[in-house]
Amino acid sequence: MREKTSVAGSRANGRHDGAVTDGSDGVVRLELPVESQYIRVARLVASGLGASAGLDVDAVDDLRIAVDELCAALFEVGGGKVELTFAVGSDEVEVTGRTETSPVAAFEPARLVLSRQILDVACDHYSLTLDGGVARFTMRKSTH
């Protein structure tokens, strides 16, 4: 059995005060088959919701890039479907994703290095984990 894999990062100005997931704004759930052409759907949803949250054009683009990168990572190890949740706050978007994997699935080491480089720039907080046959990610992009 593979060991737990985890990658995480956070910018100094990132914050999480619970406002994104308190249900007062909006939550969008999306279920995608694990086929690369469906990553485009996740990017489109991220772009639209980022604009709704008040992110500027550059921040919306960063959100789209981060969602693309994290979805691609899940698609590489997943089987069946990827479940995404977009929680929209007044000034941020938090995205979570999950997929079931085989118990011996592993992220390619080169994938983790590249993902870390992209995500350190594109979002305020992220985590990408693979443990016990489930791959997950969480990321947040805010106007701050």
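R140 is buried, with a relative accessible area of 6%. Buried means under 20% relative accessible area, exposed over 50%, and partly exposed in between, using a 1.4 Å probe and protein chains only. R140 sits in strand β6. Its C-alpha is 9.7 Å from that of S127, a residue 13 places away in sequence.

This is a predicted model, in which local features need pLDDT of at least 70, side-chain atom pairs count only at pLDDT 80 or more, and totals for chains, interfaces and linings use all residues. Residues are numbered from 1 along each chain as its sequence is written, and side-chain values use heavy atoms, with hydrogens and water left out.

**The end of β6**

S142 also lies in β6, which covers residues 134-142. S142 is buried, with a relative accessible area of 5%. Which residues does S142 touch, not counting those up to four places away in sequence? They are L55, D91, E92 and D124. Contact here means heavy atoms within 4.5 Å.

**The whole chain**

The protein has 3 helices and 6 strands. Helices (H or I, at least four residues) and strands (E, at least two) are DSSP runs, numbered from the N terminus. In order from the N terminus, the elements run β-β-α-α-β-β-α-β-β. The protein has 144 residues, and 43% of them count as buried. Take the contacts between residues at least 6 apart in sequence: 73% join residues at least 24 apart.

**Helix α1**

Helix α1 has 14 residues, 39-52. From first C-alpha to last it reaches 20 Å, close to the 20 Å expected at 1.5 Å a residue. The expected span is 1.5 Å times one less than the number of residues.

Which residues of α1 are buried? They are I39, A42, A46, L49 and G50. Seen down the axis of α1, these buried residues fall within an arc of 105°, so they line one face of the helix. The arc is taken from the directions from the helix axis to the C-beta atoms. An α-helix has 3.6 residues a turn, so residues three or four places apart point the same way.

R40, L44 and S52 are exposed, on the other side of α1. The cover over the buried residues of α1 includes β2 (26-33), α2 (57-77), β3 (81-88) and β4 (92-100). After α1 comes G54, whose phi is positive, near 95°.

**How the helices pack**

Helix α2 packs against α1 and also meets α3, residues 109-122.

| Pair | Axis distance | Angle | Crossing |
|---|---|---|---|
| α1 and α2 | 9 Å | about 150° | right-handed |
| α2 and α3 | within 9 Å | roughly 160° | left-handed |

Axes are lines fitted to C-alpha atoms, for helices over the stretch in contact, and angles run from 0 to 180 degrees between N-to-C directions. A crossing is left-handed if the near helix is turned anticlockwise from the far one by less than a right angle, and right-handed if clockwise.

α1 and α2 pack at an angle of about 150°. That makes α1 roughly antiparallel to α2. Angles under 35 degrees count as roughly parallel, over 145 as roughly antiparallel, 65 to 115 as roughly perpendicular and the rest as oblique. From α1, the contact includes I39, A42 and A46. From α2, it includes V60, L63 and F75.

The axes of α2 and α3 cross at roughly 160°. That makes α2 roughly antiparallel to α3. Among the contact residues are L63, A66 and L70 of α2, and I118, L119 and A122 of α3.
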